[in-house]
Amino acid sequence: MTNSSPATKADATKLEQESRNATKAQLAEFWYYFSQNKGAVIGLVVFALLVFMAVFAPLIAPHDPDFQYRDSFLVPPVWQDGGKVAFLLGTDAVGRDILSRLIFGAQFSLFIGVVVVTIALTGGIVIGLVAGYMRGTVDTFIMRVMDVILAFPSLLLALVLVAILGPGLMNAMIAIAIVLQPHFVRLTRAAVLAERSRDYVIAAKVAGAGHLRLMFKTILPNCLAPLIVQATLSFSNAILDAAALGFLGMGAQPPTPEWGTMLAEAREFILRAWWVVTFPGLAILITVLAINLVGDGLRDALDPKLKRS
């Protein structure tokens, strides 16, 4: 026993080191294929800056986003005649600093994306696993329900759900998550159908693994790559849909500095104060574009069929 103990520890240490090396090799391979897509790298940098801006918004923002400067209504950007150095991107109709509201708006947009994707991804994985693994009547019923949801235009269905639940940011996020969930269900089901007949699944079943273990421990880890890509793309869709609901008055409510709500408040000033509308729109455009570029890079890195030799 005493002689075998050092050998056992050495073997365990060797296995741990090999596992670490394998993980490092996988990460290096992932970054190699991801970095081949220059647009994805740019998108990742922009997204990282957005996250940094959202996390440290109270320190970065030059003003309180809700404070109204009564002597500075509709002040233009600093480079335009009449602009003030104190308000780099100008002010809105009630004297609030647009730059500060954009910075704090990043918090809401990223929060919306995280919550919506978490709800849609979790529910979609569970429902898709059940549908793909159980098959038969259960599968047919679940997929017909998903088909009914997909038959409605996404924004229209989200509007109907928010009208039922009531306007507000949280209800808007729940509605958007329900609208996006069928995409995760269908993707998970397709991946499960492709994996359930593989040798390793049959071997686990013969070894006595239960249904839950087969679904969540054996099959699910091999279905994650397309789900990660879909989650990234759904993140940008969630931000867009939330901005659309906010613009229509069904999402975040004033004076919340959410980009869609800022656009809604600025509609009547579009001709005489271009900056009030332009900057929130650019913020939405840049954020969604950056996330979509990252999604393309993840697809290239995670999908073996797209990897170049």
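Before you start: residues are numbered from 1 along each chain as its sequence is written. In this predicted model, local features need pLDDT of at least 70, side-chain atom pairs count only at pLDDT 80 or more, totals for chains, interfaces and linings use all residues, and side-chain values use heavy atoms, with hydrogens and water left out.

**Stop one.** A search of the whole structure finds 10 aromatic pairs. Rings of Phe, Tyr and Trp (its six-membered ring) pair if their centres lie within 6.5 Å; planes under 30 degrees apart are stacked, over 60 edge-to-face, and the rest tilted. Select Phe 52 and Phe 56. Their ring centres are 4.8 Å apart and their planes meet at 45°, so this pair is tilted. Now check accessibility: buried means under 20% relative accessible area, exposed over 50%, partly exposed in between (1.4 Å probe, protein chains only). Phe 52 is partly exposed at 47%. Phe 56 is partly exposed at 36%.

**Stop two.** Select Trp 79 and Phe 279. This pair is edge-to-face, with 6.3 Å centre to centre and 90° between the planes. Trp 79 lies in the loop between helix H3 (57-60) and helix H4 (98-134), and Phe 279 in helix H12 (residues 274-302), so the pair ties together parts 200 residues apart in sequence. Helices here are DSSP runs (H or I, at least four residues), numbered from the N terminus. Trp 79 is exposed at 56%. Phe 279 is buried at 11%.

**Stop three.** Select Arg 267 and Phe 247. Arg 267 lies over the face of Phe 247, 4.9 Å from the ring centre. A charge sits over a ring if NZ of Lys or CZ of Arg is within 6 Å of the ring centre and within 35 degrees of the ring normal.

How values were computed: Helix = DSSP H or I, 4+ residues; strand = E, 2+ residues; numbered from the N terminus.
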